[in-house]
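Biologist: I have some questions about the labels on this structure. Can we go through them with the model in view?

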Amino acid sequence: MTDHTYHSASSVSEPRSTPGALVTLTESSAMPPYMQEAMRPVLETPRWWWPSVAVLSAIVIAGIGAWAVQVTDGLGVSGYSDKAFWAVYEADLVAFIGVSYGGAVVSAILRLTNATWRAPLTRIAEATALVTLPVGMLFIIPHLGSPWRIWELVWPPYWNLSSPILWDFFAVSTYLLATAVFFYLPLIPDAALARRWLGEHETSIRARVCRQLYTLIGGRWRGTPEQSKLLNGAIGLVAIMIIPMAVSVHSVLSFAFASSSRPGYLETIFPVYFVVAALYSGVALVVIALAACRRLWKLDAFIEPRHFVRLGFVMLAFGAAYLYLTFTEYLVDGYSGTVGNAAWVHQILVGRYWIPFWFYFVAAGVFPIAIMAIRATRTVAGVVTAAALVVVAMWVKRLVIVIPPATEPIVRSPLGSAGLLGGNWGTYHFTWEPVTITLAATAAIPLLLLIVFRFVPILPVAEMEELAMPEEGLR
Amino acid sequence: MSTAGAIGPRTVTPSTAADRHTPRPTALRGAIHRMTYRRLALCLLTGLVTGVVSWGIVLGIPASASLTVGRVGTYPSPPATAARLALVTARANSPYTEDTEHSSSPEAGGSASLLAAQVQSASPSAGYGRLPEGAEATRPDGIIGRFVVGVLLAVVVALWIALVSIVVRVHLGLRSTSEGSQEASS
């Protein structure tokens, strides 16, 4: 077992010969002290790993089965009707794609601001973004109802360029590519290190597979200053690109709502509202992922309480901004007194949707602020509890955004609700199919993370190596 | 102090208290110094040119009928205003009406008209009505709309090319520097 102290490898290994090199791989150089910790998920199979994978896989398979039932019997089995034409899948799509932004954007911001404390967090944050985004994208399929028409999104002759859904597809797929590149580039020096280390110590079949993977990714890495310069330029460039890209993607996602004329969807505030919501829930998911990895792989020496507290403050800032935007939206729509807007605001605040809205308000509005405001609760447990509540409550808030306007009757009959065009509110009822599909998507995220970290070092060793010295200097 | 392990623009690690107060270049500034903006501009320019050219080809193909007025840009007509709907509803439910088109009798097709009106007005895109001439141009099928859509598509293509070119550039660079270092060592 290596020393858990988070300190520079250069203080315990032989000095590197090349100034400015990320990690110079020479025959005489020893492995960084935290390489073993970073490679533990790759090298060891804990007792909980296979049962966890089995349970999560079973949930995912159950979700696929529920989707097959829906394809066979139609969207009606999922509670959809002409008076509830958008519901849980649209909320899932927004929520899951939203949580993927936190990892990439937080990592990009911390890189660009050169925050030295970021080192142990970046790999987990970027991996979380990478696995969450495809899961969120898949919700287009059950939301579509007719999955055999999904290819019309990618086949140009069928493009409807006036449809926000098509631009959602463009934006999200571009962002997926950017996230993959952002995950891949910092992996190059770590793959070179891991390959060398595996070459010396491991001979199992999986180790050979890993070695092939690491050769493919980092086989050319020598750690020379020229290579460091090249790689760091590319990482900096992608970090610059990924922030406006993330903002634009969720803005475009909001256009699916905001470009319609339905009260409750036609909101100019929606692009900003969606971006802030995505960042808020995304940072919360990063906190949960960090806590889980820290606990499962015993990374306490690297992921420290200060990391949680700092991310808690970031979460607090986004939460306060989101609370303000919620207040602004409801104030303006409610105060204007127009029939359509006043009706859904009334239903949300004190009508049929008051429970989910006030749950959001308490769980994602008041509670995180209280947690971070009180010094005694500003702990790892407190921040993780707040983050878990934020993720759940922000999903509920997406339901509140999607369902009330979709069920509101915008045709009002002078004959009252008894007429053919009567103003009856539609109703959306959860059934087991969308619940199972949503749970399956939720289970897919930890499942994919468990698989990713079986092949990839969980800690960015080279980056920690680089940032260890300034950290030590500050202590 | 060893500078091994430095990443990003920092090539020298401060070793004294005085040096610690010296402003160090941030990663962002380092990226600029390392002419990444030039590289970014080149990638984006390549993508934009490719996108605009592709877009021109798409516009030039008669089969691109999806951009013609009528398929994409049909608006509900006549406007589904509340007043009109109220009128339609009242007439449809009136036993005294002689208007067969909006009669409530099933054989006259009145219910179908009503349902059509209801569906039309319940559509998320309902309510646009006929736009003024100037405003029509900003719709995706208008002249300004087409230009904006073209530019947006070009930006998407540019971003894809930029991202892929970054990865290719890194790998080509690693290969050349790795071969160079091997030759030097031999």
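Modeller: Start with accessible area: it comes from the Shrake-Rupley method with a 1.4 Å probe. By that method, the accessible surface of chain B comes to about 10900 Å², and 65% of it belongs to carbon and sulfur atoms. Keep in mind that this is a predicted model.

Biologist: How much of chain B is buried?

Modeller: Of the 186 residues in chain B, 33% are buried. Buried means under 20% relative accessible area.

Biologist: What elements make up chain B?

Modeller: Chain B has seven helices and zero strands. From the N terminus on, the order reads α-α-α-α-α-α-α. Among its contacts between residues at least 6 apart in sequence, 48% join residues at least 24 apart.

Biologist: Now the aromatic pairs. How many are there over all chains?

Modeller: The structure holds 27 aromatic pairs. One of them is W49(A) with W50(A).

Biologist: Why is the pair W49(A) and W50(A) called edge-to-face?

Modeller: Two cut-offs decide it: ring centres within 6.5 Å, and planes over 60 degrees apart. Here the centres are 4.9 Å apart and the planes stand at 85°, so the pair is edge-to-face.

Biologist: What makes F270(A) and F274(A) a tilted pair?

Modeller: Their ring centres lie 5.1 Å apart, within the 6.5 Å limit.

Biologist: Are W49(A) and W50(A) buried or exposed?

Modeller: W49(A) has a relative accessible area of 6%, under the 20% cut-off, so W49(A) is buried. W50(A) has 56%, over the 50% cut-off, so W50(A) is exposed.

Biologist: What puts R454(A) over the face of W49(A)?

Modeller: R454(A) lies 4.8 Å from the ring centre. The distance limit is 6 Å, and the charge must also be within 35 degrees of the ring normal. K397(A) lies over the face of Y360(A) too, at 5.5 Å from the ring centre.

Biologist: Which residues touch the most other members of the largest nonpolar core?

Modeller: F170(A), Y175(A), L185(A), I188(A) and Y322(A), in a core of 171 residues. Helix α9 (residues 225-258) of chain A gives the largest share, 18 residues.

Biologist: What does Y322(A) touch?

Modeller: Leaving out residues up to four places away in sequence, its contacts include Y273(A), Y280(A), Y360(A) and K397(A).

Notes
Residues are numbered from 1 along each chain as its sequence is written. Chains are lettered from A and ligands numbered from 1 in the order in which they are written. This is a predicted model: local features need pLDDT of at least 70, side-chain atom pairs count only at pLDDT 80 or more; totals for chains, interfaces and linings use all residues. Side-chain values use heavy atoms; hydrogens and water are left out. Rings of Phe, Tyr and Trp (its six-membered ring) pair if their centres lie within 6.5 Å; planes under 30 degrees apart count as stacked, over 60 as edge-to-face and the rest as tilted. Buried means under 20% relative accessible area, exposed over 50%, partly exposed in between (1.4 Å probe, protein chains only). A nonpolar core is a set of buried Ala, Val, Leu, Ile, Met, Phe, Trp, Tyr and Cys residues joined through side-chain atoms within 4.5 Å. Helices (H or I, at least four residues) and strands (E, at least two) are DSSP runs, numbered from the N terminus. Contact means heavy atoms within 4.5 Å.
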